Amino acid sequence: KSMDFSHEKEADKEYEAPIKAKRSKPEDAGGDELVYHPVKLSRSDLYRPPTAEELNQLKEAESLFHCSLLKMQMEELLKEVVLSERRKGQIDLFIHTVTKLLQTFSNSQEVEISDLSWLSGAVQVPFIMVPKTTKGKFHMAPPASVDLIGSYPLGTCTKPHVMVDLAVTIPADILHPKDALNQRYARKRALYLAGLAEHLISSSDIGTMHYSCLHGNRLRPVLLLRPPGKESSNFTVRVHACPPPGFFKPSRFHPQRNNIRTEWYTGLQTSQSESTEPPTPHYNSSILGDLLPRAHLQFLSAVSSQCPAFTDGVALLKVWLRQRELDQGTGCFNGFLASMLMAYLLTTHRISNTMTAYQLLRNSLNFLASTDLTVNGISLSKDSDSTPSLSEFHSAFQVVFVDPSGHLNMCADMTACTYKQLQHEASVSMQFWDNPTVDGFHSLLMTPKTMIRTSDHVFQLCELVKLQSSCKKLNLLSELMDYSGNYVHTALPYILSLLQQGLGQRIHLLTHSLPPDPEWSVESEAPKYKDQPPLSFGLLLRPELAVSVLERGPSADSPKAAEFRQLWGSRSELRRFQDGAITEAVLWDGEKICQKRLVPRQIITHLLLLHADIPESCVRYVGAIVPSTGEEEGLLVVQSFDDLSRKLWKLEGLPLSITSVQGAHPALRYTQVFPPLPLKLDYSFFDRDKISRSLMPKEGKPCPAYITPITVICHMEGSGKWPHDPLAIRHIRAAFHISLGELLISVINMHADPDGLLFRIQVAYHREPQVLRESVSLGGLQVVRDNEEAQALEMATIHKPLLTSTLHGIQQQHTCFGAVCRLAKRWLGAQLFSSDITEDTADLLVASLFLQPAPFTPPGSPQVGFLRFLHLLSSFDWRNSPLIVNLNNQLSVADYTEIKNDFMASRESLPVMFIATPKDKKISVWTKRAPSVQMLQRVVMVAAESLKVLEHQLMDSSQIQDVRVVFRPPLDVYDVLIHLNHKQVPLLNQAVDPPAVTFSRGILTDKSGASSGGALPVVDYNPVSLYLTELREAFGDLALFFCDPYGGTVITVLWKPKAFTPMPFKASARSVEVTGEVVNTLPNVEAILEDFKIIGNGLVKSVEVRSERWSI
């Protein structure tokens, strides 16, 4: 099978490879045979810069390669989603069976529409009969015809949800030309379906039968049939009852005409004539939709026959829509609309019949991104004289796309917000489509975009019955008639418009879930409107504007002031501003950043209560999964560091000047899980060391509060006087440290930072790592060898400060970056993974979500960032792909290719989690030591489960929001649990579930009472981490040890698989086993467990052995 590798612009051209090299043709070449010999080029010709034409060809080749790869991936995807011949055979057989069954039942007697006595009790009518009665007679008769319609005969039917549409034509003698009025036709249609269901229910050839509604429209119930046995999940046949073609005049369903009389609907006498009745455009389009499916199939078949790739193009567009949750439910952009859109582009010659499926998808998305159907509708109709105008459609509907007949708006049920979401998604897709640094195929067609993972904030309206009172408050009686009493669909567009107006510039996009098509048993009554799942709304925020607590309105004397007051009600008040202006304004509550993030919630609940009578108790807001995210504390640390660095720059009296002052601590890039807090010490809590006069912990008292040293690296200028011996350099640095300390105390009178924070200043010399690598061999030659000491020093003095300043820049650009990092690292710590995925690694993983968010936009809230972090961990292909974090946008396309090629070439020798950055393309210094393959598998598994639990909890209104569920680790997989004494855990208050009992740890709560400075306490003293280090050093060959660094009170132990294999004799904590002349040793578990207690004397409370998990 030949593949088409041409780019869309060259779709219709034949490709010929241009031959630029000069050739010589020898004179003696006989006959027609040509013999070519390459001419020797001069040096200047060989190295001549490429011409503009050659550069264009190179660029084109690169672009073609990217597109060709994408095209081949799409072709493979199409093989997965199109129906197999076997499946088609099953469908055809079942359709044949159903068609025969439908033509075998007899006529029934004519009765009033409201008389259901002819139906047995086994089947209910799929219709809510409100009002109860309407005029008209009904009887059952065999269908006039049974036809396949929709995607299956067109060839655009795709897996996984295979839906085959069958149109059953209601005989003309059952219907009356005036049945378009007052739901008569809709009720007859429902009765006819109930009659079909009653006839089919006894047949053994039908597996299961359910009722549903076409795209959630209760006026258009359908009958769902599934085959019996194993095939029942393979496909569903959807039976539509339709009037005979041309039975009703299309002009009767003009969007400005009325077909539901107020007097009939309300039951009240009115003096309104037909001309003054409100129009019923949505009701009209429901009936028109039943009149035209065969005509639509004929139209699409004609278009499809002209364009060979049409069916594949539609299939790809349907996959794209499904991944964005836009193809199912009320007002969705379904497969039918996707087919019609592509047909529109073909008939208007915006795309060519010879294009490939890849090009059809690209052009369709480009059209959607650039065309706003809420303002400029489009029409497939050629006859504009006898059909309604586009402006008439726009006055009745929010989104306009007119079918070939010119009478039906196919987007009648779609809200403007849904179309704006579709437009936004198409625009985002087009942005990364051509970006060779993004995996376009995966982002376009393979990544599901659920609302909770796409929107920054989500809220739900839970008690939908309250929307009845909203319709009353918003005075929507005529709209309620138009929607035949469906108060949810009636109120939704008005609520969206209200929220859009109130949120204004704070949001990029407001989206809402599409109410799913209800499905119920044929033996049950039609579900009430309130029985559907809660309505969910998503906000895509502008982070810089969303947190503003002030809503400044027009000046007091402006004509718009009354409008502003009407929108905001009692919250609006006159205020004078610093510039002297007196304007209307609304001030929202919020002091801390985490409170300001919830300003949208205040706006939404206020507007819904004021204008739509929806109480706050009905609004379930999912915007801040943690109450505080520590931004203010982090900002204080950074401000103190800036102040200290200014003082260091101003120091005079050092032999060499300071060339740079760099932070090398997570707190200085806003990503420390718990930023260091200013502390005021209670000196009576401590003993004083006799020599250094430092404060020492008293025996018997709880462990003192942990004091975090914030590392600062000071680079000194280069000089020829720096020695070349590592020991001498250390001595010089020590002298600089002493000199710096004396200067800081004498010049600035500074022992510790006046804010109560503690900084650890480390002097660095930029050539020291290189000096550590140099050594002299026995032969007197200088040898350069890398070693762990040099790497560790380079990491501490060069890599970490650079990473800190770079990530600090990302925080300035994306205000919630730090909060996402803190949440991610708190989860890693709580799940006992922080020794495997280090702080720096976690920060880089989160940075990748902001720098390369495709197919999303950068996270705008901590919540959505955390969910995407869990998704990245659990779904990224760590085995076969490097994670490239393009810090400062320094990597070019060539760098990406080079990184991927080098990675594939040396995969086996590289870390299992490979993270490449502009300064580290080949080694992945941050993940070189950890995690191991086994630990990464565990991380992936726990992340996937946490994501599933958390997303379900956030979106399921029946569940209490308690995100701590995913922060509690499963301890049943560990062999030994070492329980710690709470008194000696200094960070106990940071635990996921902190105990009710607290301990005094030598800190004064009244911060005004004590002066800072004075004697220093023991810094960086955490008995838990010191104990953990000792355990790993002593027993690291036998077991793995894990602990939550943030207040964890349990150390978990996992024996290594080879720990209990007999080994040759050596003196250690092992028991001896003698077999004949062979002496082996085994670990002496009792002695090891006893050692755990001895090493941790005073810290260890108990050791819990789970011997059911292992045996010696």
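Seven cavities of 30 Å³ or more turn up in this predicted model. Here a cavity is a set of points, on a 1 Å grid over the protein atoms alone, where a 1.4 Å probe fits but cannot get out; points are joined across faces, edges and corners, and the volume is the space filled by probe spheres set on them. The largest cavity holds about 130 Å³. Its lining, made of residues with an atom within 4 Å of a point, has 13 members, and the closest to the centre are Asn 217, Arg 218, Ser 286, Tyr 483 and His 489. Two or more lining residues come from each of β8 (217-226) and α7 (281-291).

Those two elements belong to a chain with 33 helices and 35 strands, which are DSSP runs numbered from the N terminus (helices: H or I, at least four residues; strands: E, at least two). The C-alpha atoms fill a box of roughly 110 × 100 × 90 Å along the principal axes.

How much of the chain is buried? Of its 1112 residues, 51% are buried, meaning under 20% relative accessible area with a 1.4 Å probe, protein chains only. Among contacts (heavy atoms within 4.5 Å) between residues at least 6 apart in sequence, 72% join residues at least 24 apart.

A note on reading these values: residues are numbered from 1 along each chain as its sequence is written, and side-chain values use heavy atoms, leaving out hydrogens and water. Local features need pLDDT of at least 70 and side-chain atom pairs count only at pLDDT 80 or more, while totals for chains, interfaces and linings use all residues.

Terms used:
Buried < 20%, exposed > 50% of the residue type's maximum accessible area, 1.4 Å probe, protein only. 1 Å grid on protein atoms, 1.4 Å probe; cavity = no way out; pocket = protein on both sides within 12 Å on 5 of 7 lines; lining within 4 Å.
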